[in-house]
Amino acid sequence: MAERFDNLEEHLEKFIENIRQLGIIVSDFQPSSQAGLNQKLNFMISGLQDIEKCRQQLHEINVPLEVFEYIDQGRNPQLYTKECLERALARNEQVKGKIDTMTKFKSLLISELSKVFPEEMSNYKAIHGEDAPS
């Protein structure tokens, strides 16, 4: 999989460099540079064809729209991954806290119910295999 990305990256870098050179030729265009301009335009077309071939190899990859928003804002797309992980960790801590609270509540509830309804809770523990504090 990584080699497909490397291949795409290589083609994109070549394409960008070709566009940069094309911009230089166009910004200082002289009639004598027409052949070089035509050559760069042909390179640009073949570069787009190479990128299209790479696209076909990577069609199953989905990129979240938020990543493009990061790029549009001039932010590093790797920050998106970092922030997603930070949000997931924070959410994980919240859920863990809720689970711990519910576990303590269940234990306390079984303990208190055992005091009030000892026979019924004994049957409940026998059926469900609950180990409740005495």
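A salt bridge joins the side chains of Glu10 and Lys14, with an N to O distance of 3.3 Å, in what is a predicted model. These two residues stand four positions apart in helix H1 and are therefore separated by about one helical turn; Glu10 itself is partly exposed, at 39% relative accessibility. Across the whole structure, seven salt bridges are found. Among them is the pairing of Glu52 with Arg55, whose side chains meet at 2.7 Å, N to O. Glu52 and Arg55 are three residues apart in helix H2 (residues 34-57), and so about one helical turn separates them, while Glu52 is partly exposed at 33% relative accessibility. A further salt bridge, at 3.9 Å from N to O, links Lys82 and Glu86, which both belong to helix H4 (residues 77-116) and lie four residues apart, about one turn of the helix.

Phe68 is placed in helix H3 (residues 65-72) and counts as partly exposed, at 42% relative accessibility.

Helix H1 also contains Asn18, which at 7% relative accessibility counts as buried, because the cut-off for that class is under 20%. Apart from neighbours within four places in sequence, Asn18 is in contact with Lys40, Phe43 and Met44.

How values were computed:
Residues numbered from 1 in each chain as written. Predicted model: local features only at pLDDT ≥ 70, side-chain atom pairs only at ≥ 80, totals over all residues. Heavy atoms only, no water. Buried < 20%, exposed > 50% of the residue type's maximum accessible area, 1.4 Å probe, protein only. Contact = heavy atoms within 4.5 Å. Salt bridge = Lys/Arg side-chain N within 4 Å of Asp/Glu carboxyl O.
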